[in-house]
Each structure stands twice: as C-alpha cells, then as structure tokens.
Amino acid sequence: GVMVGERQVSDIEWRSEKLSADTSYVVRKRDTTSIFAGYVEKLGSAQLEFTLRRDEEEQFGRRNTGSVSYGYALTPGISAYARAGHAFRAPSFNDLYFPFFSNPNLKPEQSDQAEAGIRLRGIGARKYRFDVTYFENRIDDLIVFVYDPVQMTGQPENLSRARIRGWEAQAETSFVGMTVKAALTVQRPEDRDTGNQLRSRAKRFGSLSANRDFGKWSVSTDIVASGARFDSSNEAPGTRMAG
C-alpha cells in the first residue's frame with residue numbers, strides 16, 4: 001500500500017486459492033488481483049471521500065466497486081454524514097464444493113448500500129460517544145444457507161433480490177471507572193420478491209457491555225439479545241426461533 005500525504009491512498013493485493021479434492025471440479029484454482037484507490041478532501045468543516053476498487057478474478061471475472069461519502073461538522077462535537085457504495089462478494093470454495101453442504105452453481109452477491117447518520121462526541125471532561133444511522137442495503141443473489149432437517153442436508157443458495165433497511169444506534173460512556181457500551185439495531189430484512197423476512201435474520205438485536213480495569217487486571221461483561229428469526233424463507237410458524 002502507498003499513501004501520499006493525508007489525502008490519497010492506493011493498494012495492490014494478490015490472492016491465490018487452491019482446492020485439494022478427489023472430485024474433478026471444473027475450477028480447482030483461482031487467483032485474484034485487486035487494485036484499490038482512495039481520496040479524501042477536507043473543505044473547511046466538510047470532508048469528501050472517494051474509494052474505487054477493481055478485482056480481476058479468474059473464476060468470476062472482473063468487478064468494479066467503490067463508494068463516496070460526505071461528512072460535515074455542525075459543531076465541534078456534532079457531525080452528520082452520508083455514504084453510498086457498491087460491493088460484491090464471491091462465494092468461497094467451501095460454499096461451492098464442501099461435501100454434501102455446497103452448491104457449485106452459486107453466483108456472487110452484488111449489493112448497493114446507502115446510509116446517513118449523526119455522530120455526537122463529548123468534549124473535554126465530558127467523555128461520551130453516540131451514533132445513530134439509517135441504512136438501506138439492496139443485495140442481488142444473496143447467499144443464504146438452506147437446511148433440510150428431515151434429510152439432514154443443506155446447501156447455500158442465491159436469493160434473487162433482498163433488502164435490509166433500518167436504524168442502528170451505538171453509545172459509549174465512562175463513569176465510576178467503568179466503560180459502558182450499548183448498541184441497538186432495528187431493521188427490516190426482507191425478500192423483495194415475496195416481502196417475507198429473510199431466513200435467519202432478526203428484526204431487532206442489540207448488545208450491552210461494561211469493562212473496568214483493576215491495575216493489571218480487567219473485568220468485563222457482555223449481554224447480547226436478538227429478536228425472533230425464521231429458519232425458512234416463507235416465515236413458516238414451525239421454523240420460528242424465539243429471541
């Protein structure tokens with residue numbers, strides 16, 4: 001990777017994957033060459049950022065992805081931002097070839113994401129952080145794992161069109177020597193063709209953690225909670241997993 005000043009960054013990555021198997025799969029090796037470039041421009045209280053990435057992959061071809069974001073400091077402790085981007089994710093060799101639990105016909109995921117949020121930061125002796133974000137992700141060919149409990153078999157499959165949109169809030173503060181963090185996501189993960197809740201994805205989930213240092217020792221606790229999910233694509237009552 002190369003950085004020029006504080007405004008430009010570039011990176012080149014090469015990855016090689018090889019499959020060892022008795023079965024004669026069509027693709028047993030794939031190399032991926034990636035080139036990344038980013039640019040940040042500060043304009044007074046505003047900041048503009050661009051990123052661009054190109055992946056040349058032997059199995060799934062060439063892909064261009066990237067993002068653009070804009071942030072503005074309303075006050076020294078309050079800022080707002082918006083971001084949009086395009087991404088893709090290739091299925092792994094396990095997704096494609098793992099014995100009895102794979103699908104060699106999988107296609108890569110492609111997604112468009114957008115989000116906007118406000119960030120609050122405590123200044124001076126008032127140490128705290130609070131972020132709230134609205135997000136929307138639209139994914140084509142989402143890779144989901146489908147399990148059949150009767151046959152005791154399963155495989156990943158592509159879901160044609162998915163959308164996940166909602167709100168996310170994160171907070172962090174310190175008091176009486178403890179650092180406390182909390183996070184909450186309220187979202188609507190849906191199959192855009194049917195309107196049903198996406199398999200194995202909850203509409204609400206969150207976490208709460210606390211940490212305190214005692215000299216060389218540190219004591220922490222974490223609580224994670226999730227709403228109900230369905231182990232099916234049609235919200236079948238018998239597949240409902242309680243929160």
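A nonpolar core is a set of buried Ala, Val, Leu, Ile, Met, Phe, Trp, Tyr and Cys residues joined through side-chain atoms within 4.5 Å. Buried means under 20% relative accessible area, exposed means over 50%, and partly exposed lies in between (1.4 Å probe, protein chains only). The largest such core here has 8 residues: Phe135, Ile139, Leu142, Val144, Leu159, Ala162, Ile164 and Leu198.

The model is predicted: local features need pLDDT of at least 70, side-chain atom pairs count only at pLDDT 80 or more, and totals for chains, interfaces and linings use all residues. Residues are numbered from 1 along each chain as its sequence is written, and side-chain values use heavy atoms, with hydrogens and water left out.

**Overall build**

- The protein chain has 14 strands and 1 helix. Helices (H or I, at least four residues) and strands (E, at least two) are DSSP runs, numbered from the N terminus.
- The C-alpha trace spans about 65 × 50 × 45 Å along its principal axes.
- Of the 243 residues in the protein chain, 28% are buried.
- The accessible surface of the protein chain is about 15600 Å², and carbon and sulfur atoms account for 55% of it. Accessible areas come from the Shrake-Rupley method with a 1.4 Å probe; for residues, only the protein chains shown count as cover.
- Among contacts between residues at least 6 apart in sequence, 47% join residues at least 24 apart. Contact means heavy atoms within 4.5 Å.

**Nonpolar cores**

- In the largest core, of 8 residues, strands β8 (128-148) and β9 (153-175) each supply at least two residues.
- Strand β8 gives the most to this core, with 4 residues.
- Leu159 is one of the core residues. Leaving aside neighbours within four places in sequence, Leu159 is in contact with Asp140, Asp141, Leu142, Asp191 and Leu198.

**Nonpolar surface patch**

- Tyr70, Tyr72, Leu74, Ile78 and Ile118 make a nonpolar surface patch of about 450 Å². Patches are made of residues with over 30% relative accessible area and no salt bridge: like charges are joined within 9 Å, nonpolar side chains (Val, Leu, Ile, Met, Phe, Trp, Tyr) within 5 Å.
- Strand β5 (residues 61-75) gives the most to the patch, with 3 residues.
- Tyr70 is placed in strand β5. Tyr70 counts as partly exposed because its relative accessibility is 41%.

**Salt bridges between strands**

- The whole structure holds 20 salt bridges. A salt bridge is a side-chain nitrogen of Lys or Arg within 4 Å of a carboxyl oxygen of Asp or Glu.
- Glu13 and Arg53 meet through their side chains in a salt bridge (3.5 Å, N to O). This pair links distant parts of the chain: Glu13 is in strand β2 (residues 8-18) and Arg53 in strand β4 (residues 46-57), 40 residues apart.
- Glu13 counts as partly exposed at 33% relative accessibility. Arg53 counts as partly exposed at 27%.
- Arg30 and Glu57 also meet in a side-chain salt bridge (3.8 Å, N to O). Arg30 lies in strand β3 and Glu57 in strand β4, so the pair ties together parts that are 27 residues apart in sequence.
- Arg30 is buried, with a relative accessible area of 3%. Glu57 is buried, with 8%.

- Asp131 is found in strand β8. Asp131 counts as buried because its relative accessibility is 11%.
- Leaving aside neighbours within four places in sequence, Asp131 is in contact with Ile118, Arg119, Leu120, Arg121, Glu168, Ala169 and Gln170.
- Asp131 forms a salt bridge with Arg129, with the closest N and O atoms 3.2 Å apart. Arg129 is partly exposed, with a relative accessible area of 22%.
- Elsewhere, salt bridges that share partners join Glu13, Arg15, Glu17, Arg30, Arg53, Asp55 and Glu57 into one network.

**Glu41 in strand β3**

- Glu41 lies in strand β3 (residues 29-43). Glu41 counts as buried because its relative accessibility is 16%.
- The side chains of Glu41 and Tyr39 make a polar contact (2.5 Å). A polar contact is a pair of N or O atoms within 3.5 Å; within protein, one must be able to donate a hydrogen and the other to accept it, and residues adjacent in sequence count only if both atoms are side-chain atoms.
- Leaving aside neighbours within four places in sequence, Glu41 is in contact with Arg7, Ala46, Gln47 and Leu48.
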